[in-house]
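User: I'm new to reading protein models. Can you walk me through this one with a few questions?

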Amino acid sequence: MPESDLEELPGVGPATADKLHDAGFDSYQSLAVAAPSELSNTADVGDSTAADIVRAARDAADIGGFETGSTVLERRNEIGKLSWHIDEIDDLLGGGIETQSITEVYGEFGAGKSQVTHQMAVNVQLPQEVGGLHGSAIFVDTEDTFRPERVDDMVRGLPDDAIDATLEDREIEGSADDEEAVDALVEDVLEKIHVAKAFNSNHQMLLAEKAKELAGEHEDSEYPVRLLCVDSLTAHFRAEYVGRGELADRQQKLNKHLHDLDKVGNLYNAAVIVTNQVASNPDSYFGDPTQPIGGNILGHKSTFRMYLRKSKGDKRIVKLVDAPNLADGEAVMRVQDEGLKPE
Ligand SMILES: Nc1ncnc2c1ncn2[C@@H]1O[C@H](COP(=O)(O)OP(=O)(O)OP(=O)(O)O)[C@@H](O)[C@H]1O
Ligand SMILES: [Mg+2]
C-alpha cells in the first residue's frame with residue numbers, strides 16, 4: 001500500500017504517515033492489529049490520536065469479521081499435504097507439510113535447513129499420487145544459498161515411481177532409467193522454481209509482496225504456486241537490528257513480514273516454509289540454544305515448528321515442536337547426495 005493511503009486515516013498527516021511507515025506500519029492491516037501504545041511509542045503520536053488511528057484502521061481494514069464454521073471447513077478441506085518422502089517424518093506431520101500454514105524449520109548451521117527447502121521445492125512439483133502438490137515454488141534466498149545443482153541432484157535422487165509418474169504427467173517420453181528423459185525433467189523442475197535473492201530485510205519484505213503477485217498470476221495455471229520458501233527468514237533482521245533498543249522494531253518488522261507470508265499461503269493454498277538459525281553456543285546473547293532467534297512472535301505465527309539437530313554423520317534428528325492437533329515427536333533422516341532420505 002502506498003504511504004499516502006495512510007493519510008486517509010483521521011489524524012494522520014504526511015509527517016505522521018512517514019513516521020508510521022518508518023516504524024513498520026505501512027498498511028491498514030498492520031495498524032489495525034497494533035496496540036495504541038505501540039504507535040505512541042514508536043511513531044511518536046499522542047495517546048488519544050493513536051487510539052483513533054487504530055480504531056479507524058480497524059474499520060478500514062475490515063478485520064475481525066466472522067465467518068461460518070462451514071466456510072472455515074471448506075477452506076480447510078483444500079489443505080494440501082506435501083510429502084517429505086520420508087515416512088517417519090510424514091507420519092509425525094500427519095501426512096506432510098500443510099498448505100495454508102507457516103512451517104518454521106530451525107536449527108544450528110549445517111543442520112540441513114537449506115536442504116529441506118531445496119527438497120521441498122522439488123517434492124511440491126510431483127503429482128499428488130506420489131506425494132506432491134502439482135505446483136510450482138517460490139524461493140526467497142537471503143543468504144545466497146540456493147543451488148540449482150542441488151535441485152538437479154535431488155530430482156535424480158527421487159524414487160523411481162515418483163520420477164516415472166512425473167515424467168508421464170509432464171508428457172516427457174521415457175522412464176527413470178532413461179538419462180535423456182531425466183535430464184529433461186531436471187530442466188523442467190528448475191523452470192518451476194522462481195528464485196529471488198533478498199539483499200536486505202526491506203528487500204526481503206518487498207519480495208513477500210512480489211511473491212503474492214506472482215502467486216496470483218499463476219493461480220489458474222497448470223502449476224499454481226504451492227510452496228513459498230524463505231531461507232533464511234531471520235538472517236538479515238539479525239544482522240541489521242543489533243542493539244537491544246532495536247529489538248522491538250525488529251520484532252515488529254518480522255511480524256509484518258510473517259503476516260504477508262501467511263497471507264500468500266492462505267490466499268493461494270500454498271505451504272510456507274521459513275528457516276531460522278539457532279545458536280549452538282549456550283553462552284550466546286540469544287540465550288537458550290534450542291530456542292529460535294525470532295523469539296515469541298515467531299512462536300505464535302509459525303504454526304508448525306520443526307527443530308533439526310545434527311547427529312552422527314549424515315543423520316539428522318527432526319523434532320516436531322508444539323504443533324496444533326499433533327503430538328510432539330522425533331524422527332530421523334539422512335542428508336545425502338541424492339537429497340533427504342529415510343534412516
Ligand atoms: N551434495 C551433498 N551431498 C551430501 N550432503 C550434502 C550435500 N550438500 C549439503 N550436504 C549436507 O548438508 C549440510 C548443510 O546443510 P544446510 O546447508 O541445509 O544447513 P543449514 O541448516 O541451512 O545451515 P545454515 O544455518 O548455515 O544455513 C552439510 O553439512 C552437508 O552435510
Ligand atoms: Mg542454510
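User: Okay, which residues of helix 10 does helix 9 meet?
Analyst: Keep in mind that this is a predicted model. On the helix 9 side, the residues involved are I163, T166 and L167. Across from them, in helix 10, sit A181, V182 and L185.

User: Are helix 9 and helix 10 roughly parallel or roughly perpendicular to each other?
Analyst: Their axes are 11 Å apart, and the packing angle is about 75°. Angles from 65 to 115 degrees fall in one class. Helix 9 and helix 10 are therefore roughly perpendicular.

User: Why do the buried residues of helix 10 end up on the same side?
Analyst: The buried ones are A181, V182, L185, V186 and V189. What puts them on the same side of helix 10 is the arc they cover around the axis, only 140°.

User: And which exposed residues are on the face turned away from that buried side?
Analyst: Helix 10 has 13 residues, and its buried ones pack against helix 7, helix 8, helix 9 and strand 5. The face turned away from the buried side carries the exposed residues E180, E187 and E191.

User: How many residues of the largest nonpolar core come from helix 10?
Analyst: That core has 50 residues, and W84, I89, L227 and M333 have the most contacts inside it. Helix 10 supplies the largest share of this core, which is five residues.

User: How many residues does the second, separate core have?
Analyst: Its members include V140, A211, L228 and L254. The count for this second core is 22 residues.

Notes: Residues are numbered from 1 along each chain as its sequence is written. Chains are lettered from A and ligands numbered from 1 in the order in which they are written. This is a predicted model: local features need pLDDT of at least 70, side-chain atom pairs count only at pLDDT 80 or more; totals for chains, interfaces and linings use all residues. Side-chain values use heavy atoms; hydrogens and water are left out. A nonpolar core is a set of buried Ala, Val, Leu, Ile, Met, Phe, Trp, Tyr and Cys residues joined through side-chain atoms within 4.5 Å. Buried means under 20% relative accessible area, exposed over 50%, partly exposed in between (1.4 Å probe, protein chains only). Helices (H or I, at least four residues) and strands (E, at least two) are DSSP runs, numbered from the N terminus. The expected span of a helix is 1.5 Å times one less than its number of residues. The arc is that of the directions from the helix axis to the C-beta atoms. Contact means heavy atoms within 4.5 Å. Axes are lines fitted to C-alpha atoms, for helices over the stretch in contact, and angles run from 0 to 180 degrees between N-to-C directions. Angles under 35 degrees count as roughly parallel, over 145 as roughly antiparallel, 65 to 115 as roughly perpendicular and the rest as oblique.
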